[in-house]
Amino acid sequence: GDYEDVNLTQEQINYLLTSQLALSHKHWLVVHAGVPSNCSPEYRNLSIYRLEDKIPDKYKTSLYLRYEDENKKSVNYGNEKPEDCFWASEYRGQVGHVIFGHQPHPVVTHYPCATAIDTCCVYGGKLTALVIEDNQIVDTVYVKAQQVYYQKENQ
């Protein structure tokens, strides 16, 4: 809702709002943050929604999910405890292999049924893409960020 602090043009805001919530293709689901580790196969429906739509509450976690508590409920960022688990560590492939960002990793990180591709571009790291052929990840392409786009607090 608050775009002023990221210096986006109206055209960029409109592009984001009309973008799909997820991309779904055969055995893959690409989301911003993740899916609940115990999600049902209906989560593949994420791809029918756009950010400007009224998104059902059950799908909103795909925008911010990181950690889950022992009851598989999302834990707000900064409130995670040592006993909470990262969703991708527990996810078992109910909607296919999930490719996600939102949680920075220094390199592409593979989980049993998910792959993390946020390699810290916004912080001056790398922008990452996966090359997929015949339903297999066959290559990873990195491009170094041209600058630091966002400075983390406490850095």
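Colleague: Hi! By class, how many nonpolar, polar and charged residues are in the lining of the second largest pocket?
Modeller: Hello! Keep in mind that this is a predicted model. The lining of that second largest pocket has five charged, five polar and three nonpolar residues.

Colleague: Which residues are closest to its centre?
Modeller: P36, N38, Y43, T61 and K72 are the closest to the centre of the second largest pocket, out of 13 residues that line it. The space in this pocket is about 190 Å³.

Colleague: And what volume does the largest pocket have?
Modeller: The largest pocket has a volume of about 1700 Å³. Its lining is made up of 34 residues, and L16, H32, G101, H102 and D118 lie nearest the centre.

Colleague: Which elements give two or more residues to that lining?
Modeller: Helix 1 (10-17) does, along with strand 1 (22-25), strand 2 (28-31), strand 6 (97-100) and strand 9 (126-133).

Colleague: How do the residues of that lining divide by class?
Modeller: For the largest pocket, 23 are nonpolar, eight are polar and three are charged.

Colleague: How many bridges join strand 3 to strand 5?
Modeller: Two bridges join them, and strand 3 covers residues 67-68. If you want to find the place in the structure, look for E68, which stands opposite C85 in strand 5.

Colleague: What holds paired strands together in general?
Modeller: Strands of a sheet pair through backbone hydrogen bonds, in either a parallel or an antiparallel way.

Colleague: Okay, and over how many bridges do strand 9 and strand 10 pair?
Modeller: Strand 9 and strand 10 (residues 136-144) pair over eight bridges, in the antiparallel sense. There, V131 stands opposite D139 in strand 10.

Colleague: What is there between the strands of that hairpin?
Modeller: The hairpin of strand 9 and strand 10 has two residues between the strands, and D134 takes a positive phi near 50 degrees.

Colleague: Let's talk rings. How many aromatic pairs does the structure hold?
Modeller: It holds ten aromatic pairs. In one of them, the ring centres of Y49 and Y59 are 5.6 Å apart and the planes are at 45 degrees, so this pair is tilted.

Colleague: Where do Y49 and Y59 lie?
Modeller: Y49 is in the loop between strand 2 and helix 2 (57-60), while Y59 is in helix 2, so the pair ties together parts ten residues apart in sequence.

Colleague: Are those two buried or exposed?
Modeller: Both Y49 and Y59 are buried.

Colleague: What about F86 and Y111?
Modeller: F86 and Y111 form a tilted aromatic pair, with 5.6 Å centre to centre and 35 degrees between the planes. F86 belongs to strand 5 and Y111 to strand 7 (residues 109-111), so this pair ties together parts that are 25 residues apart in sequence. F86 is buried, and Y111 is buried too.

Colleague: Which residues form the aromatic cluster?
Modeller: Y67, F86, W87, Y91, F100 and Y111 form one aromatic cluster.

Colleague: Last one: which residue lies over the face of Y77?
Modeller: R66 does, at 4.1 Å from the ring centre.

Key. Residues numbered from 1 in each chain as written. Predicted model: local features only at pLDDT ≥ 70, side-chain atom pairs only at ≥ 80, totals over all residues. Heavy atoms only, no water. Pairing = 2+ DSSP bridges. Helix = DSSP H or I, 4+ residues; strand = E, 2+ residues; numbered from the N terminus. 1 Å grid on protein atoms, 1.4 Å probe; cavity = no way out; pocket = protein on both sides within 12 Å on 5 of 7 lines; lining within 4 Å. Points joined across faces, edges and corners; volume = space filled by probe spheres on them. Nonpolar A, V, L, I, M, F, W, Y, C, P; charged D, E, K, R; others polar. Phe/Tyr/Trp six-rings, centres within 6.5 Å; stacked < 30°, edge-to-face > 60°. Buried < 20%, exposed > 50% of the residue type's maximum accessible area, 1.4 Å probe, protein only. Lys NZ or Arg CZ within 6 Å of the ring centre and 35° of its normal.
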